[in-house]
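Trainee: I am new to this structure. Please show me how to read it.

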Amino acid sequence: MGTALARAKTPVTLLGLGAMGTALARAWLAAGHPLTVWNRTPARAAALAAEGATVAETAAEAVAANGLVVVCLLDDASVEEVLAGTDLAGKDLVDLVTGTPAQARARAARSRERGARYLDGAVMAVPPMIGAAQAGGYVLYSGSTEVFERHRETLAVPAGTVHVGEDAGFAALYDVALLSAMYGMFAGAAHAFALIRKEDIDPAALAPLLADWLVAMAPSVHTTAGRLRSGDYTGSVVSSLAMQVAGTPTFLSTAEEQGVSPELLSPYFTLMRRRLAEGGGAEDLTGVIDLLVRHG
């Protein structure tokens, strides 16, 4: 019965067995999916072979083995090199390599030229989160909706799935947008901890207050999205740009008093002042986004 169940599961070919690739492989194997793997360094496949994976000697052999081919290599150049000698005709190609929107769109076009259907993916998780549903990891997919729907159940085995559009570049764009916001949060947290670094304040005392404050501020992204959609930056504004700009000297003076560089805050404050100078005093902070687009 176990063999029959395994045959009912979609077979998967996986190219690339780094930390993420190995985690993906183990998740599919644990769920009973027949798995063919290939890695440039064959030794990495040995453990997976013992767990039931079929190890292909070449990438071409691995691609030929199954209709669903998942790529998890170092970068876009590696994908180009590895797929160069393979026959992609009729294959459903899923690329989980981190790249730019332009690279994803170009990969989609080249895949179509070679007779493959293409889906780009951005993994919003670290390897320990793969195969652990409670961890909350997921993969953003963009490109062929048909391919996504056909393999939705299989792709959902390692992590949750979110399809963000037919445009193959959207997954990469969402990925970088989300991670950019993450680094902005890290920058703010770094400045906050730097301010107390020389004081008799336990960082562990600030941490829960900081975490709760960031969580409380997070819903503001919905307000920003609504303003961008409507074009109304002044309706129901609680704290105007003019008021916030007036308060920025306190932040800069406090940083100076504490011996902390303002370099993480200053660029944003500069944009706020520029928007104010252009007449945006009655707005909230949404107009800063337009400055970034205009001058980016």
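Trainee: Where is Q258 found?

Mentor: Q258 sits in the loop between α11 (241-257) and α12 (266-277). Helices here are DSSP runs of H or I, at least four residues, numbered from the N terminus. This is a predicted model: local features need pLDDT of at least 70, side-chain atom pairs count only at pLDDT 80 or more, and totals for chains, interfaces and linings use all residues. Residues are numbered from 1 along each chain as its sequence is written, and side-chain values use heavy atoms, with hydrogens and water left out.

Trainee: Is Q258 buried or exposed?

Mentor: Buried means under 20% relative accessible area, exposed over 50%, partly exposed in between (1.4 Å probe, protein chains only). Q258 has 19%, so Q258 is buried.

Trainee: Which residues is Q258 in contact with, leaving aside neighbours within four places in sequence?

Mentor: Contact means heavy atoms within 4.5 Å. Q258 touches L195, K198 and E199.

Trainee: Which residues are buried in helix α7?

Mentor: First, the general idea. An α-helix has 3.6 residues a turn, so residues three or four places apart point the same way. In α7 (residues 145-155), the buried ones are V147, F148, H151, T154 and L155. Seen down the axis, they fall within an arc of 110 degrees, so they line one face of α7. The arc is taken from the directions from the helix axis to the C-beta atoms.

Trainee: Which exposed residues does the face of α7 turned away from its buried side carry?

Mentor: That face carries E146 and E153.

Note on methods
Helix = DSSP H or I, 4+ residues; strand = E, 2+ residues; numbered from the N terminus.
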